[in-house]
Amino acid sequence: MPNTAGVWMTSRAHDQLQTELQELLAQRHIEMPDGDSGDYARNQALHSARQARIRRIHHLLGNALIGQNPPDDGIAEPGMVLTVRYGDTRAVETFLLAVREAEDSEMEVYSMQSPLGRAIAGARPGERRTYRAPSGTTMAVTLLHAVPYALTDPAPGEHENSPAKDLPCRAEPETS
């Protein structure tokens with residue numbers, strides 16, 4: 001069933017998807033080698049994967065919501081930059097809740113389909129949710145604040161580690 005609500009993404013992600021689509025379309029017709037059947041099967045698999053990716057990008061671009069910022073109401077939803085605390089620790093992470101198909105190099109991106117995205121969607125500041133990490137561990141997460149992406153100034157490289165993947169994360173800065 002098509003997504004009638006659209007897919008929120010940054011302008012940068014939209015541009016990256018358009019570039020990727022053009023590159024994939026340029027490679028659309030590949031020659032099949034006269035080699036063994038293994039080469040042919042590998043090329044067929046690559047061709048099928050490329051076709052599936054082209055269809056996926058067409059779907060995303062056709063449903064893209066760009067420049068339509070969510071309301072500044074503090075509720076976790078696509079297009080919001082969320083700051084969360086993991087468990088009862090001082091570990092926090094800030095990330096963009098959006099389509100993950102084209103990475104935004106300025107900050108970590110989690111999709112609404114990710115375990116964390118599904119768990120935190122609709123949360124209000126101070127609300128605690130739980131989700132199952134890919135490792136199977138149940139994680140607790142509390143929304144600290146949510147701000148529309150357009151109102152943020154992300155710092156490149158700041159969010160290299162992701163507790164959602166069971167990795168260490170940066171600690172919350174000390175306040176004086």
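## Close-up views of the model

View 1. What you're looking at is a predicted model, in which local features need pLDDT of at least 70 and side-chain atom pairs count only at pLDDT 80 or more, while totals for chains, interfaces and linings use all residues. Residues are numbered from 1 along each chain as its sequence is written, and side-chain values use heavy atoms, with hydrogens and water left out. R129 forms a salt bridge with E127, and the closest N and O atoms are 2.8 Å apart. To count as a salt bridge, a side-chain nitrogen of Lys or Arg has to be within 4 Å of a carboxyl oxygen of Asp or Glu. E127 is partly exposed too, at 29% relative accessible area. By this rule the count comes to three salt bridges, and the next two views show the others.

**View 2. A salt bridge between two helices.** Here E20 pairs up with R53, with 2.8 Å between the closest N and O atoms. E20 sits in helix 1 (residues 11–26) and R53 in helix 2 (residues 37–62), so this pair links distant parts of the chain, 33 residues apart. Helices are DSSP runs of H or I with at least four residues, strands are runs of E with at least two, and both are numbered from the N terminus. E20 has 24% relative accessibility and therefore counts as partly exposed.

**View 3. R128 reaching D88.** The closest N and O atoms of this salt bridge are 3.0 Å apart. R128 is in strand 6 and D88 is in the loop between strand 3 and strand 4, so the pair ties together parts that are 40 residues apart in sequence. D88 is exposed at 72% relative accessible area, whereas R128 is partly exposed at 43%.

**View 4. W8 against Y149.** A search of the whole structure turns up two aromatic pairs. W8 and Y149 make an edge-to-face one, 5.9 Å centre to centre with 70° between the planes. Rings of Phe, Tyr and Trp (its six-membered ring) pair if their centres lie within 6.5 Å; planes under 30 degrees apart are stacked, over 60 edge-to-face, and the rest tilted. Because W8 lies in strand 1 (residues 7–8) and Y149 in the segment after strand 7 (138–148), the pair ties together parts that are 141 residues apart in sequence. W8 is buried at 8% relative accessibility, and Y149 is buried at 16%.

**View 5. F95 against Y110.** This aromatic pair is edge-to-face as well, at 4.7 Å centre to centre and 85° between the planes. It links distant parts of the chain, 15 residues apart, with F95 in strand 4 (residues 92–97) and Y110 in strand 5 (residues 109–110). Both F95 and Y110 are buried.

**View 6. The surroundings of T83.** T83 lies in strand 3 (residues 80–86) and counts as buried at 10% relative accessibility. Leaving out residues up to four places away in sequence, T83 touches E93, T94, T142, L143, L144 and H145, where contact means heavy atoms within 4.5 Å.

**View 7. Confidence along the chain.** The protein chain has a mean pLDDT of 78, and 75% of its residues reach 70 or more; pLDDT is the predictor's confidence in each residue, from 0 to 100. Over residues 155–176 the pLDDT is below 50, and this stretch has 43 contacts in the model beyond near neighbours in sequence. Among the elements, strand 6 (residues 128–132) has the highest mean pLDDT (96) and strand 1 the lowest (82).

Methods:
Buried means under 20% relative accessible area, exposed over 50%, partly exposed in between (1.4 Å probe, protein chains only).
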